[in-house]
Amino acid sequence: MARGLVRFLVSLLAVSICGAASVFQPISDSHRSAALDVFVPVDGSYKSLEEANEALKTLEILGIDKKSDLSSVTCENVVKVFASPSSTLKDAFYALSVNGILKCKSGGDVPKDIVSKLQAGVKDAKLLLDFYYSVRGLVLVKEQFSGTDISLGDAEAVFRSIKALSQSDGRWRYSSNNPESSTFAAGLAFETLAGVISLAPSEIDQSLIQTLKTGILKLFDSIQKYGDGTFYFDESEGPISTTASVIRGLTSFAASESTGLDLPGDKIVGLAKFFLGVGIPGDAKDFFNQIDALACLEDNRFSVPLILSLPSTVISLTKKEPLKVKVSTVLGSKAPALSVKLAQALSSGSKGSSVINNLELKFDADTATYFLDSFPKNFDVGTYTFVFEILLDESANGKAYVTEAQTKVPIAATGAITIENAEIAVLDSDVGSVESQKKLDLTKDGAVSLSANHLQKLRLSYQLTTPLGHVFKPHQAFLKLKHESQVEHIFLVKTSGKKSELVLDFLGLVEKLYYLSGKYEIQLTIGDTSMENSLLSNIGHLELDLPERPEKAARPPLQPTDPYSRYGPKAEISHIFRVPEKLPAKQLSLVFLGLIVLPFIGFLIGLTRLGVNIKSFPSSVGAATSALLFHGGIGAVLLLYVLFWVKLDLFTTLKALSLLGVFLLFVGHRTLSHLAAASNKLKSA
Amino acid sequence: MVKSTSKDAQDLFRSLHSAYSATPTNLKIIDLYVVFAVFTALIQVLYMALVGSFPFNSFLSGVLSCIGTAVLAVCLRIQVNKENKEFKDLAPERAFADFVLCNLVLHLVIINFLG
């Protein structure tokens, strides 16, 4: 429900935007070159037989011969499927389809296992897809291999069991258990039933076929359309897949059926336009569906649509080239004998009245195009909607062709517009008198130099006329004032009555111009789709004197900086370092070094005065050595401290100190205990 | 009166000097050492006063080294002095060993702080 509503809104929007006029082009060489990019095999082969089938079929329809590159690997896969007893119906079907294009196996070399599998499949099938693969597979076997007599035993029963899956609204179900129905399934069902009819040994009951035809017409009731006249079927698989499936089904059904299928012609043309309007799809599946559906429309038993297209939708009145129109089938093949008439040429300005009425186009047999080389005298520049009608020559046509009733094409007629009486003037505002006036030649840049102050006005005026002498109102007419500081202002030049004029009253514009006085460059731009000589002209300079900017007024916006200055090298940064402390003079430090030594010398002198001696130094060897070691150890520790200050770190010092300390402890104890023993002996003695 | 005060000062000084001469030599050595250390500290303070205390840690390190070693020497003097009844049982060699050890530890810290 919601989806339907969304689709309605989308189509409403499409109607309002697209309008009724658009041009559709048949398949051309751009499609062919795109096909080579879209259908790219990976490592020389496609991922599955289904993809290989899509790619090969599309390339075959477009007439591109790439079979030689891929045939070997793909044929290997096909033969593998034929030989394997465990291949599914789906694999068998796609293998047969690929075989039909590549002709890996043909003639009398019938893959008997596959045939028996397909026949068993028909008998046991319950789901629509099983019926589809098995019946279509048997049809392919019958086409490709001679000497096989394949026919469905009880064709009517098969027909009925497939028909049992249909619904009253024309859609089909995939299985009897699942109530969900789909239009895509309807397309598959049509193909399957067409296969049943072609494989039936005897004629199937006509009433069954008639109910099927009514069902088909019911299905067409659910067709959807866009505003530009395209018709399509939409489902969960997407519009392209669903519509392609239906068209395939209808084509095979019409081909198998002898009494013919009558489908509404405008809808067939609409379906053709839908596929042509898709353009070049990027997805492989969409591309295949588009080309396959167009191939079915190109050559079918109900009606073949013809497309009217224009290589160029612009008429240049100066070049006087004829307007060319092509009519062809959807794949670009030749159309039968017909005549093209330009029924109306509706101008976009005046509603309803047509400039041209019922002009017949001439036919050029060499290029197979219709052309219009002479336009009436009152055909002026502008945008038009041309309405073409095609009349088919009923005489000898093998197929039934169908075209649109009327094809509407938007056309632009261009020409050279004359510019006259262009002048620029500075006026005194109160009185309106002209202070200075200059004539302009807008076809080339001028060097006009004007000056004005904020009490005056600037007036620019010119006249534009079409080749037929009517007043021309261009789409774009801008006057740009650019200040020397790169600030720009744009004003529109309005056309009224006979001429175009712009009056700039500087008194009112002072704030808009940001109070910037100085030199302004004047630039005029005039352009339109129908104007072949659109122009951009630098008229000259205006020296403008405006009052001072008051405090509250807006500043001009910042102009974008020059990219070279923004990304260029920046200014050098001067770093400020901590000012190093002032150190004392070297001589002063050396003097004090000397002074420090003085107390030490005093200490030594005092010691000698006191009569210091080393009489108690032990004389026995053992004690002497430990005493020496003791003093040596202390000296070593002090030396270690000096080294620590100069270069060692704390941890190595501590390590060395611990070792020395242990040694010193041991030796010191020995020495001091020896001294203590000696003094005790002295005391007791 | 000035004459008498100056005479009193002279007498006082003489009596101190004679009393001091009675002290044992080892104590005098220690006293001399203390005086030496204090003088060194004073010269360092004078230098700092002249030049400014920029590497303050060095100044502290130097001064505290002198003061620390002076303090340790005073402790040694107390412990070694025979007239001190508190430390009667402590052998002077033991006190000297403590003095050496404490000095070594002090100088390790001083050298580390010197920078």
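A residue is called buried here when its relative accessible area is under 20%, exposed when that value is over 50%, and partly exposed in between. With that in hand, welcome to this predicted model.

## Chain B

Chain B has 115 residues, and 31% of them count as buried. Its secondary structure consists of four helices and zero strands, so the pattern read along the sequence is α-α-α-α. Among contacts in chain B with a separation of 6 or more, 67% are made by residues 24 or more positions apart. The chain exposes about 7500 Å², and 71% of that area is supplied by carbon and sulfur atoms.

One pair of side chains in chain B is worth a visit. B:Asp31 forms a salt bridge with B:Arg77, with 2.6 Å between the closest N and O atoms. This pair links distant parts of the chain: B:Asp31 sits in helix H2 (residues 25-51) of chain B and B:Arg77 in helix H3 (residues 56-80) of chain B, 46 residues apart. Are these two partners buried or exposed? B:Asp31 has a relative accessibility of 18% and therefore counts as buried, whereas B:Arg77, at 23%, counts as partly exposed.

## Where the two chains meet

Chain A brings 30 residues into contact with 27 residues of chain B. The size of an interface is often given as the accessible area lost when the parts come together. Between chain A and chain B the buried area is about 2600 Å², and carbon and sulfur atoms give 87% of it. On the chain A side, A:Phe592, A:Phe603 and A:Tyr641 lose the most area to chain B, together 23% of what that side buries. How many salt bridges does the rule find across this interface? The count there is zero.

## A sheet in chain A

Chain A holds an open sheet of five strands in the order E6-E14-E12-E8-E9, with mixed pairing. Strand E6 (314-316) and strand E9 (354-360) of chain A are at the edges; each has a single partner strand, so one side of each lacks a neighbour in the sheet. From one strand to the next, the twist averages 25 degrees.

Next come the pairings that involve strand E12. Strand E8 (residues 338-347) and strand E12 (residues 382-392) of chain A pair in the antiparallel sense over nine bridges. Within this pairing, A:Ala345 has A:Phe386 in E12(A) as its bridge partner. E12(A) also runs antiparallel to strand E14 (residues 407-414) of chain A, and seven bridges join them. Here A:Val387 stands opposite A:Lys408 in E14(A), and A:Phe388 has A:Thr407 in E14(A) as its bridge partner.

Over all chains, the count comes to 22 salt bridges.

| Pair | N to O distance |
|---|---|
| A:Glu50 and A:Lys90 | 3.6 Å |
| A:Lys285 and A:Glu50 | 3.4 Å |
| B:Asp31 and B:Arg77 | 2.6 Å |

What do the pairs in chain A connect? A:Lys285 lies in helix H13 (residues 284-298) of chain A, so its pairing with A:Glu50 in helix H3 ties together parts 235 residues apart in sequence.

The residues in these two pairs can also be placed by their accessibility. A:Glu50 is partly exposed, with a relative accessible area of 22%. A:Lys90 counts as partly exposed at 36% relative accessibility, and A:Lys285 is partly exposed with a relative accessible area of 36%. Salt bridges that share partners join A:Glu50, A:Glu54, A:Lys90 and A:Lys285 into one network.

A last stop is A:Ser97, which lies in helix H5 (residues 89-102) of chain A. Its relative accessible area is 12%, so A:Ser97 is buried. Which residues does A:Ser97 touch, leaving aside its neighbours within four places in sequence? A:Ser97 is in contact with A:Asn53 and A:Leu140.

Note on methods
Residues are numbered from 1 along each chain as its sequence is written. Chains are lettered from A and ligands numbered from 1 in the order in which they are written. This is a predicted model: local features need pLDDT of at least 70, side-chain atom pairs count only at pLDDT 80 or more; totals for chains, interfaces and linings use all residues. Side-chain values use heavy atoms; hydrogens and water are left out. Two strands pair if DSSP finds at least two bridges between them. Helices (H or I, at least four residues) and strands (E, at least two) are DSSP runs, numbered from the N terminus. Buried means under 20% relative accessible area, exposed over 50%, partly exposed in between (1.4 Å probe, protein chains only). Contact means heavy atoms within 4.5 Å. Accessible areas come from the Shrake-Rupley method with a 1.4 Å probe; for residues, only the protein chains shown count as cover. Axes are lines fitted to C-alpha atoms, for helices over the stretch in contact, and angles run from 0 to 180 degrees between N-to-C directions. Buried area is the accessible area (1.4 Å probe) that two parts lose on being put together, summed over both. A salt bridge is a side-chain nitrogen of Lys or Arg within 4 Å of a carboxyl oxygen of Asp or Glu.
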